[in-house]
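The sequence and the model are shown first.

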Amino acid sequence: MKSNRHRRLPSTWLLLMLTILLSVLLVPGPLPGQASAQAEAYRLYLPSVSFDSGYPRPFGVEWLKAPTLVQTYTQHADNLGLSWIRLHRVSWRAVQPNEGDPYDWSVLSTLEAELVAAREAGFTPMVIVHHSPRWATINQPFATDCGAVRADKFQAFADFMSALVTRYSQPQFNVHHWELGNEPDVDPILVPTDQVFGCWGDINDPYYGGRHYGEMLKVVSPAIKAADSHAQVINGGLLLDRPVSSPTQGSPHRFLEGILLAGGGPHLDIVAYHAYPSYTGETGDADLAAHLWQPWGGWTVGKARFLREVMASFGISKPLLLNETALGCNPDWYSCNPPPAAFFQAQADYLVRTFSRARSEDVIGFVWYSLNEQGWRSTGLLDETGVPRPVYWAYQQLAIQLNRSVYEGPVAYGSDVEAYSFVRARDRVHVAWSLDYNADTISVPQSAFVAAYDRDGTALTPVAVSPYYQVNVGFSPIYLVLRK
């Protein structure tokens, strides 16, 4: 039988369709500030498509408290092209030092100024809540405000978080990412009292206190969500120093396992971790240097793989966030005070290489510690006087090249070169470096080549060897911009 799809429509149908079309076109427009119900009925909605959806701007920084420099640091973050701003600011103890006291928000005045500046600049703030009041903590083996909150005070913590989130989720502050603690996988006996990291860890527990933290999440996270349906709950970024147990330090690597075993998984939106390789003056890639994380793929990628394996064993998957990292000068190395120029160059190389690798593992964001320098292992993007270090310019160029890009896959440029491809709206970028300190040559088709830049954004001139362009690459990363 012949198809009827080209059959002429009867004239009555054509007349009806024309009438409907004219009725839509001739609907009187709404008055200013109003919407016509009839026009609304015929409005066509298309799916919103934006290249900025998801997490195309994954880069961030933590800045240390400096009330007089809020605008300066905001401007630096903007110049760098960053999105995440991590603020280690909220002390429950300071806001409510005594049980039953009203919340004293005045102690957070600096934070409020920072949040307003961050909102105006378009940043995404991530706020850490730490320093629990001693009336709410376990206080064993000694009193410390970084200790684990007692189970009978979980509700008090939930009440505090509810009030905190209600206040700071408002448009003028715009906080929707909350990190509960900082490096909680540390036993308080291993650090001085009242630290800004730890101390939910329990060296005598096979899960290192993770189950207790998970039980807390089951009470506190619902209160956060009730106060702000858009809130994202982040675990205190895990130190995760090693993937195995230690006779002297217990099993901190099982902290996340404990959280999930307690049923805390559904109450976490993002799993955060930290990575801090050390520079010791030796040549080579500090991220891949000999360490217990080396078999897993290095400090940054290895920890991501380990955490995903733990989650997979419980049948869950959460986004991973590297919300504290840097290459620091090892304090045990005699040449760290002051560090040599080679350290600052290695630091800049580390940032580009490590962040590119981690994006290949689908880590959603990266926070460098820190923007401003106050003496901790020389990790600041700015030195003590506010002058940018080499890592500052390397970070700026990384953001220029890889913001609003999507990871595509590794690139095979030979056994001596490591490279990754990222797709942008109109082109693609390859980030590449030599695996050693010997220069290697990369060849790309002339028809695909757009530009090449060194780590800091200086244009590179390729050599034409028809039909290719050749570019030299060393240990320091370069960028190749290619047509799609």
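Is the crossing of helix 6 and helix 7 right-handed or left-handed? In this predicted model, the crossing of these two helices is right-handed. The contact draws on Phe154, Gln155, Phe157, Ala158, Met161, Ser162, Val165 and Thr166 from helix 6. Helix 7 contributes His212, Glu215, Met216, Val219, Val220, Ala223, Ile224 and Ala227. The axes of helix 6 and helix 7 come within 8 Å and cross at roughly 35°.

**Overall composition**

The chain contains 11 helices and 18 strands. It has 484 residues, of which 52% count as buried. Among contacts with a separation of 6 or more, 70% are accounted for by residues 24 or more positions apart.

**Helix 7**

Helix 7 covers residues 210-227, a run of 18 residues. From its first C-alpha to its last, helix 7 reaches 25 Å, close to the 26 Å expected at 1.5 Å a residue. Helix 7 also has a kink of about 30° at Lys218, shortly before the proline Pro222.

The buried residues of helix 7 are Gly210, Tyr213, Gly214, Met216, Leu217, Val220, Ser221, Ala223 and Ile224. An α-helix has 3.6 residues a turn, so residues three or four places apart point the same way. The cover over the buried residues of helix 7 includes helix 6 (154-168) and helix 8 (255-261). Strand 4 (177-180) and strand 5 (232-235) are also included in that cover. Met216, Val220, Ala223 and Ile224 are among the buried residues of helix 7, and these four are also among the residues that make the contact with helix 6.

What is the order of the strands in the open sheet of 3 strands? The order is 14-17-16, and the pairing is antiparallel. Strand 14 and strand 16 are the edge strands, each of which pairs on one side only. On average, neighbouring strands of this sheet are turned by 35° against each other, with direction ignored.

Strand 14 (residues 440-445) and strand 17 (residues 468-473) are joined by 6 bridges and run antiparallel. Within this pairing, Asp440 has Val473 of strand 17 as its bridge partner. Strand 16 (residues 463-465) pairs with strand 17 over 3 bridges, again in the antiparallel sense. Here Val463 stands opposite Gln470 of strand 17. The link from strand 16 to strand 17 is a hairpin through 2 residues.

**Backbone geometry in the loops**

Ser370 is placed in the loop between strand 10 (363-369) and helix 11 (390-402).

Positive phi values are found at Asn139 and at Asp194, neither of which is a glycine.

| Site | Angle | Value |
|---|---|---|
| Asn139 | phi | near 60° |
| Asp194 | phi | about 55° |

Asn139 lies in the loop between strand 3 (124-130) and helix 6. Asn139 has a relative accessible area of 25% and is therefore partly exposed. Asp194 lies in the loop between strand 4 and helix 7. At 26% relative accessibility, Asp194 counts as partly exposed.

Is Leu238 buried or exposed? Leu238 has a relative accessible area of 2% and is buried, because residues under 20% are classed in this way. Its place is in the loop between strand 5 and helix 8.

Leaving aside residues up to four places away in sequence, Leu238 touches Pro184, Asp185, Phe255, Leu256, Ala272, Tyr273, His274 and Leu307. Leu238 and Asn323 lie 85 residues apart in sequence, and their C-alpha atoms are 9.4 Å apart in space.

How values were computed
Residues are numbered from 1 along each chain as its sequence is written. This is a predicted model: local features need pLDDT of at least 70, side-chain atom pairs count only at pLDDT 80 or more; totals for chains, interfaces and linings use all residues. Side-chain values use heavy atoms; hydrogens and water are left out. The expected span of a helix is 1.5 Å times one less than its number of residues. The bend at a residue is the angle between axes fitted to the seven residues ending there and the seven starting there. Buried means under 20% relative accessible area, exposed over 50%, partly exposed in between (1.4 Å probe, protein chains only). Contact means heavy atoms within 4.5 Å. Two strands pair if DSSP finds at least two bridges between them. Axes are lines fitted to C-alpha atoms, for helices over the stretch in contact, and angles run from 0 to 180 degrees between N-to-C directions. A crossing is left-handed if the near helix is turned anticlockwise from the far one by less than a right angle, and right-handed if clockwise.
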